[in-house]
Amino acid sequence: MPLHRDIFWVGRQWAVTGAGIQAVDQRLRGVLDIEIARLWDDQLVQSRRAKPGVNAADFDKAVTVARERFPQEAASDPIVAQLEALGVVEAPAASPVPPAMQLRAEGRLARFLPQWRVRR
């Protein structure tokens, strides 16, 4: 995967971009890249750091710069945060955005589906 067009920091082996932390070496095809959403996942960061051939000092600097650039998002509602801490709320609240339209024609013959036309 090529580097994102927004580049905030470039080291010897790693770059902080608009997509997160990306390896400068394009031959890796994005295998070791870390997305912004997973930047605060310490297990993922440590597993990437432990890979052979990773320049640890450069990787640590990239993680530091990326975490400063993309801070961890706090809970938007303090009441919901307290309920999550108590274990009352397990799943995040459903978003008010309606789901995308889905076509249900898979596995059916087209001649038996109802026809539709756009009228002008």
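The structure holds 3 salt bridges, a salt bridge being a side-chain nitrogen of Lys or Arg within 4 Å of a carboxyl oxygen of Asp or Glu. The model is predicted: local features need pLDDT of at least 70 and side-chain atom pairs count only at pLDDT 80 or more, while totals for chains, interfaces and linings use all residues. Residues are numbered from 1 along each chain as its sequence is written, and side-chain values use heavy atoms, with hydrogens and water left out.

One of the salt bridges joins arginine 38 to aspartate 41, with the closest N and O atoms 3.5 Å apart. Arginine 38 is partly exposed at 40% relative accessibility, and aspartate 41 is partly exposed at 29%; here buried means under 20% relative accessible area, exposed over 50%, and partly exposed in between (1.4 Å probe, protein chains only). Arginine 67 forms a salt bridge with aspartate 42, the closest N and O atoms being 2.9 Å apart. Because arginine 67 lies in helix α2 and aspartate 42 in helix α1, this pair ties together parts that are 25 residues apart in sequence. Helices (H or I, at least four residues) and strands (E, at least two) are DSSP runs, numbered from the N terminus. In a further salt bridge, the side chains of arginine 49 and aspartate 60 meet at 2.8 Å, N to O. This pair links distant parts of the chain, with arginine 49 in helix α1 and aspartate 60 in helix α2, 11 residues apart.

Helix α1 also has a buried face. Leu44, Val45 and Arg48 are buried in α1. They cover an arc of only 100° around the axis, which means that they are on the same side of α1; the arc is that of the directions from the helix axis to the C-beta atoms. The buried residues of α1 pack against β4 and α2 (56–69).

Leucine 39 lies in the loop between β4 (34–35) and α1 (42–49). Leucine 39 is buried, with a relative accessible area of 0%. Not counting residues up to four places away in sequence, leucine 39 touches Ile21, Ile34, Val45, Ala66, Arg67 and Phe70, where contact means heavy atoms within 4.5 Å.

Two of these contacts, Ile21 and Ile34, also face each other between strands: isoleucine 21 stands opposite isoleucine 34 in β4. Strands β3 and β4 run antiparallel and are joined by 2 bridges; two strands pair if DSSP finds at least two bridges between them. Strand β3 (residues 20–23) also pairs with strand β2 (residues 14–17) in the antiparallel sense, over 4 bridges. These two strands, β2 and β3, form a hairpin with 2 residues between them.
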